[in-house]
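Here is a short report on one protein structure. Keep the sequence and the 3D view open as you read.

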Amino acid sequence: MTRRIRGPLAVALVVLLVLSAGCSSGGPAPEEARWQPRPGTPWQWQLDGRADPAAADVPVYDIDGFENSAADVARLHRDGRRVICYINAGAWEDFRPDQARFPASVRGGPNGWDGERWLDIRRTEVLRPLLERRFDMCRDKGFDAVEPDLMDGYLHDTGFPLTAAHQLAYNRMIARIAHERGLSVGLKNDLPQIPELAGDFDFAVNEECAQYGECARLTPFVEAGKAVFHVEYALTVREFCAEARRLGLSSMRKKPALDRWRQPC
């Protein structure tokens with residue numbers, strides 16, 4: 001027999017139901033619902049072609065979002081792995097299927113990689129919907145997180161008068177786009193702004209902090225219980241792994257091509 005609730009208790013119950021419905025009707029996923037990689041988590045970073053699941057027995061794979069399909073992501077998930085979606089958020093690439101959507105007005109100088117040009121990150125009204133499409137792709141393919149690359153254009157000669165304030169606003173926009181889709185997101189490099197951005201991002205991805213004596217600058221992520229996925233290219237593991245372990249980094253040596261080869265600490 002169904003019991004009917006009357007009086008003040010009934011009113012309170014209705015209010016609670018309305019509030020609950022409002023909380024579930026959209027907006028960013030709650031922080032506890034997102035994957036949070038912990039310091040020291042081993043990983044594999046392969047951006048050269050489709051992921052090779054046999055390349056490394058590690059719990060995290062960071063792979064190219066365009067080059068890998070939903071089936072590739074599902075395969076890694078079946079092996080018990082979390083999967084990060086690499087996309088370029090700071091440069092236009094002439095080899096991507098969506099390259100024609102980026103107007104010439106937001107394409108700046110070359111960044112040293114064939115077919116790439118820096119983006120004018122001040123033009124958020126143009127770039128935001130384009131990036132949202134890419135993040136939608138990552139979500140729809142089943143990725144757990146996103147690694148947006150080239151998040152430090154203000155430190156380079158891009159062809160645009162970018163400032164630290166422009167970068168800070170842009171990077172926070174990127175984090176919001178990811179979180180609105182239930183995806184975790186990593187801060188790629190941009191060491192000077194870590195104190196301001198560590199709270200907005202769920203992990204960090206860093207290249208060559210040991211070579212330049214900067215790894216300690218990533219400490220705010222580790223202290224917050226967030227992984228720092230770190231690679232070196234030129235140094236040997238003997239030269240950087242001891243410090244990396246002391247700092248709690250998830251470190252390995254890779255070839256610049258970022259193929260399947262890895263040499264972990």
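## The disulfides

Cysteine 85 and cysteine 138 are joined by a disulfide, with an S to S distance of 2.1 Å. A disulfide here is a pair of cysteine sulfur atoms within 2.5 Å. This link bridges distant parts of the chain: cysteine 85 sits in strand S3 (residues 82–88), cysteine 138 in helix H3, and they are 53 residues apart. Helices (H or I, at least four residues) and strands (E, at least two) are DSSP runs, numbered from the N terminus. The link is left-handed, with -55 degrees about the S-S bond. Both cysteine 85 and cysteine 138 are buried. Buried means under 20% relative accessible area, exposed over 50%, and partly exposed in between (1.4 Å probe, protein chains only).

The structure holds three disulfides. Cysteine 209 is buried at 1% relative accessible area, and cysteine 215 is buried at 4%.

Cysteine 241 and cysteine 265 also form a disulfide (S to S 2.0 Å). Its torsion is about -80 degrees, so it is left-handed. Cysteine 241 lies in helix H7 (residues 237–247) and cysteine 265 in the segment after strand S12 (263–264), so the link ties parts 24 residues apart in sequence. Cysteine 241 is buried, at 4%, but cysteine 265 is partly exposed, at 37%.

## How the model is read

This is a predicted model: local features need pLDDT of at least 70, side-chain atom pairs need 80 or more, and totals for chains, interfaces and linings use all residues. Residues are numbered from 1 along each chain as its sequence is written, and side-chain values use heavy atoms, leaving out hydrogens and water.

## A three-stranded sheet

Three strands form an open, antiparallel sheet in the order S4-S6-S5. Strands S4 (91–93) and S5 (107–110) are at the edges with a single partner strand each, so one side of each has no neighbour in the sheet. Strands pair if DSSP finds at least two bridges between them. Three bridges join S4 to S6 (residues 116–119). Glutamate 93 has glutamate 116 in S6 as its bridge partner.

## Helix H4

Just after H4, glycine 182 has a positive phi of about 75 degrees.
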